[in-house]
Amino acid sequence: MSTPETTAALPTADVVSRHLVVVGMAGVVLAVVVVGGLDLWTFGEPHNPLTHTISEYAQGPFWLPFHLAVLSLAGGSLAILVAMVRRRLARPLSAGAVALGLWSMGLIFVVLFEKHDWSQGPSASGYVHQSASLIAFLSLPVAAVLLAAPWRRHDRWRVAASWTSRLGLVSMLWFVPILGALILNFATDVEWWRLVPLGLTERTLVLTEILVLVAMARWTLAAADHNRAPV
């Protein structure tokens with residue numbers, strides 16, 4: 001039978017951090033379910049997920065569920081970031097934490113500023129939307145690599161850190177076909193978005209980045225089971 005002294009010495013879970021991770025993952029899962037459902041519901045012509053970007057939902061009758069899904073993803077990501085800071089897996093103002101925050105802020109700006117309506121021509125709002133999307137999609141993999149770097153040799157967290165970093169690097173690889181299409185655009189005068197299946201590439205990128213968030217959440221959840229912050 002354990003005595004009060006030994007019971008007090010046992011490590012206890014960080015309940016707040018666990019709740020933050022659960023809330024964060026709920027937001028991420030909700031976003032995936034909503035966007036995946038929209039893709040299944042609208043699959044075919046004229047909306048083909050292989051060629052049409054996800055943000056095109058913002059310009060049709062499904063703008064509300066799309067916006068809610070993006071905000072859910074942004075909020076869930078922030079909850080995971082706060083939990084990582086609480087468990088001292090990330091320093092509040094470190095480059096990795098700032099990059100993860102930029103991912104969430106970029107998603108919020110994607111909702112606040114509509115993309116170009118090409119039937120009306122380019123717009124200032126559309127350029128902000130494009131910039132916010134690019135910042136968001138680049139910031140998350142950068143955050144994964146930077147946050148994992150200090151823990152790659154840690155006895156307890158090296159496996160979790162390695163998975164987070166590797167998924168971040170895989171996410172970056174999805175920019176290669178887009179970059180190649182941009183280079184070919186200058187060489188051939190063919191629009192770059194016709195050279196790659198843009199919708200498929202974007203969805204694969206997003207799916208990989210969702211896995212990055214899952215890896216961060218699992219890592220943080222494991223850290224929340226320990227009373228002391230990992231050192």
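Trainee: Is L167 buried or exposed?
Mentor: L167 is buried, because its relative accessible area is 16% and the cut-off for buried is under 20%. Keep in mind that this is a predicted model.

Trainee: Where does L167 sit, and what is L167 in contact with?
Mentor: L167 is in helix 6, residues 158–173. Beyond its neighbours within four places in sequence, L167 contacts T208, L211, V212 and A215.

Trainee: Switching to charges. How many salt bridges are there?
Mentor: The count is 5 salt bridges. One of them joins the side chains of R18 and D225, at 2.6 Å from N to O. R18 lies in helix 2 (residues 15–42) and D225 in the segment after helix 8 (198–224), so this pair ties together parts that are 207 residues apart in sequence.

Trainee: Which residue forms a salt bridge with D39?
Mentor: R203 does, with the closest N and O atoms 2.8 Å apart. That pair also links distant parts of the chain, with R203 in helix 8 and D39 in helix 2, 164 residues apart.

Trainee: Are R203 and D39 buried or exposed?
Mentor: R203 counts as buried at 14% relative accessibility, and D39 counts as buried at 12%. For R18, the relative accessible area is 31%, so R18 is partly exposed. D225 is partly exposed too, at 39%.

Trainee: Last one, H129. What does its side chain reach?
Mentor: The side chain of H129 reaches the backbone oxygen of F113 at 2.8 Å. H129 is in helix 5, residues 124–148, and counts as buried at 4% relative accessibility.

Notes. Residues numbered from 1 in each chain as written. Predicted model: local features only at pLDDT ≥ 70, side-chain atom pairs only at ≥ 80, totals over all residues. Heavy atoms only, no water. Helix = DSSP H or I, 4+ residues; strand = E, 2+ residues; numbered from the N terminus. Buried < 20%, exposed > 50% of the residue type's maximum accessible area, 1.4 Å probe, protein only. Contact = heavy atoms within 4.5 Å. Polar contact = N/O pair within 3.5 Å; in protein donor to acceptor, adjacent residues only side chain to side chain. Salt bridge = Lys/Arg side-chain N within 4 Å of Asp/Glu carboxyl O.
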